[in-house]
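Subject: Structure handover, with notes

Hello,

Here is the structure for you to look over. My notes follow below it.

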Amino acid sequence: MGSLVQSVDWLAIAPPTATAVVALAVLVADLFLPDARKPLLGRIAVAGLVLAGLSLLPLLGGDRSTFCLTTGTRVCSYTADHFTLVIQFLVLGGALLTALLSFSALDDLELPHGEYWFLLLSSAAGAALLPASRDLATLVVALEVASLPAFALVGLRRGDSRSSEAALKFFLSSVTATAVTLLGVSFVYAATGTLHLAQVAEGLTHVDPRLATLAEAGVALTLVGFAFKTAAVPFHFWVPDTYAGAPLPVAAYLSVIGKAVGFTGLILVTVLGFPSYADVWGPALAVLAALTMTIGNVAALRQRPERDRSAVRLLAWSSVGQAGYLLVPIAAAGYAGGPGHAIGSTVAYALMYAAVNLGAFAVAALVARTSPGNRITDYRGLYARRPLAALALGFFLLCLAGLPPGVIGLFAKVTVFTAAVDAGLGWLAVVMAVNVVIALYYYLQWTAVLFKPAAGQPAGEDAEAPQAPRSTGRIPLPLATAIALAAALGIALSGAPQLVLRFASGALL
């Protein structure tokens, strides 16, 4: 009988552990700091996220695993491989940009500093744990650690009915998804006798015929639960109202980190846990991808520019459409001989999307400081008032559309398109091409608004005319830094698109 004593590889688990420890430090420090010094908590949170990001560097040398079974086959619950490190970089980098967006929002919206930073860091810790999870129990726990603090973040604006409604919708949909996922996991465990993904994959290849139906139901329910988390149609209904009701930094966080969590879990359970059922989940995800991108883009196209919060709603529906693109390579993995290569396309697209979408939300947060309604019409004449912010937003929107100079968006879409064609999903590639054309209209329409003269201001009139007074104030340094970082990352990736191709051609799993 093997030893039951385990040695923990603390270096391997450093990224999520460091984030969680800093979250606890912020919570304790909040008890002792006077109100005038509460902004110090934000600096501690940013430093903690930077430290967690730096802890990824020693892990680049090779795969490390811990929390392994000590008897029989070496199977581990936590693995820091290349896939894990890339997703953890995305999560921690996205959380850092969200933190920079949050400094001015906390004061403008009068949000409690201690609770906000603790919840944000706690959610980021769960999101960083999830890509390293290699058993279904750890996967579900990480998923909930990432999701539960997000409910509170959405509803943190006390006394705001819109925020409370958004939090309730988000909570109910996520709880439903969790219940469905747990039911599916329990069925899979009953059929295979294990929770470790590697052993589940082996067990599903020779299930007792009496338990075959139970195994099939378990696989289906687990996939449905993760489809909720990814906001795939028809499980997307919570997205627009949640984004519109949440504080803008929280909406930005959900649009990127929330999606990364869902897609990472979906990738792990399909590619590592359920490869023998690829003939089931491959076609199912292909249909979901087609529905998600189509409904998301058509709904974004129908947004009225003068409607309250129309800019955030358009970004919300756009994120649903982008989720459809992200699903395409995962569906293709069900048809491909080497699914790891198809997954590389999803990861490459996710990196591009994270940078430019957070940048778009950063500019939206800037506009919201003087135009709380955050309508698309509020962006009219932004170039005359804030030329750098307008150019940055225009660049982000063109990246999402896949148009130059946003070359990175074009290359990312090409990798996803190629994954579909190589897998023999020609019909899905055609649906994607049509949706890219649909999305061009609303992205370009918003971009054009940025350079039009402000309402009531004739073309060519002095940009400092009284019609655009308040938005000429100084941009808070953290917010300006977030916009600059997102733009710099987008420009760097557009200047070196081979990085995307390298991710897309590499087998991450």
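First, the rule for aromatic pairs: rings of Phe, Tyr and Trp (its six-membered ring) pair if their centres lie within 6.5 Å, with planes under 30 degrees apart counted as stacked, over 60 as edge-to-face and the rest as tilted. By this rule there are eleven aromatic pairs.

The model is predicted, so to speak of local features we need pLDDT of at least 70, side-chain atom pairs count only at pLDDT 80 or more, and totals for chains, interfaces and linings use all residues. Residues are numbered from 1 along each chain as its sequence is written, and side-chain values use heavy atoms, with hydrogens and water left out.

**Aromatic pairs**

Take Phe170 and Trp238. Their ring centres are 5.0 Å apart and their planes are at 20°, so this pair is stacked. Phe170 lies in helix α6 (residues 161-192), and Trp238 in the loop between α8 (212-229) and α9 (239-245). The pair therefore ties together parts that are 68 residues apart in sequence. Helices here are DSSP runs (H or I, at least four residues), as strands are (E, at least two), numbered from the N terminus. Phe170 and Trp238 are both buried. Buried means under 20% relative accessible area, exposed over 50%, and partly exposed in between (1.4 Å probe, protein chains only).

Phe228 and Phe235 make a tilted pair, because their ring centres are 4.6 Å apart and their planes are at 35°. Phe228 and Phe235 are buried as well. Ring pairs also link Phe151, Phe170, Phe171 and Trp238 into a cluster.

**Helix α3**

Helix α3 covers residues 82-108. Its 27 residues should span 39 Å at 1.5 Å a residue, and its end C-alpha atoms are 40 Å apart, which agrees. The expected span is 1.5 Å times one less than the number of residues. α3 bends by about 40° at Ser102. That bend is the angle between axes fitted to the seven residues ending there and the seven starting there. Of the 27 residues of α3, 20 are buried, so the helix is largely enclosed by the rest of the structure. Just after α3, Glu110 has a positive phi of about 55°.

**Pockets**

On a 1 Å grid over the protein atoms alone, a cavity is a set of points where a 1.4 Å probe fits but cannot get out. A pocket is an open set with protein on both sides within 12 Å along at least five of seven lines, and lining residues have an atom within 4 Å of a point. Grid points are joined across faces, edges and corners, and a volume is the space filled by probe spheres set on the points.

The largest pocket holds about 830 Å³ of space. It is lined by 31 residues, with Phe89, Leu90, Gly93, Leu351 and Leu489 closest to its centre. At least two lining residues come from each of α2 (39-54), α3, α13 (339-368), α18 (477-495) and α19 (498-505). α3 supplies the largest share, ten residues. The lining of the largest pocket has 27 nonpolar residues, four polar and no charged. For these classes, Ala, Val, Leu, Ile, Met, Phe, Trp, Tyr, Cys and Pro count as nonpolar, Asp, Glu, Lys and Arg as charged, and the others, Gly among them, as polar.

The second largest pocket holds about 350 Å³. Of its 18 lining residues, Leu109, Arg157, Arg309, Ala368 and Pro372 lie nearest its centre. α3, α10 (248-273) and α13 give two or more residues each to this lining. Again α3 gives the most, with four residues. The lining of the second largest pocket divides into eleven nonpolar, one polar and six charged.

**Cavities**

Three cavities of 30 Å³ or more turn up in a search of the whole structure. The largest cavity has a volume of about 190 Å³. Its lining has 18 residues, and Ser147, Phe170, Lys229, Leu254 and Gly258 are the closest to its centre. α10 contributes the largest share of this lining, six residues. By class, the lining of the largest cavity has eleven nonpolar residues, six polar and one charged.

The second largest cavity holds about 120 Å³. Among its 14 lining residues, Leu90, Lys259, Ala260, Phe263 and Ala350 lie nearest the centre. Here too α10 gives the most, with six residues.

Best wishes
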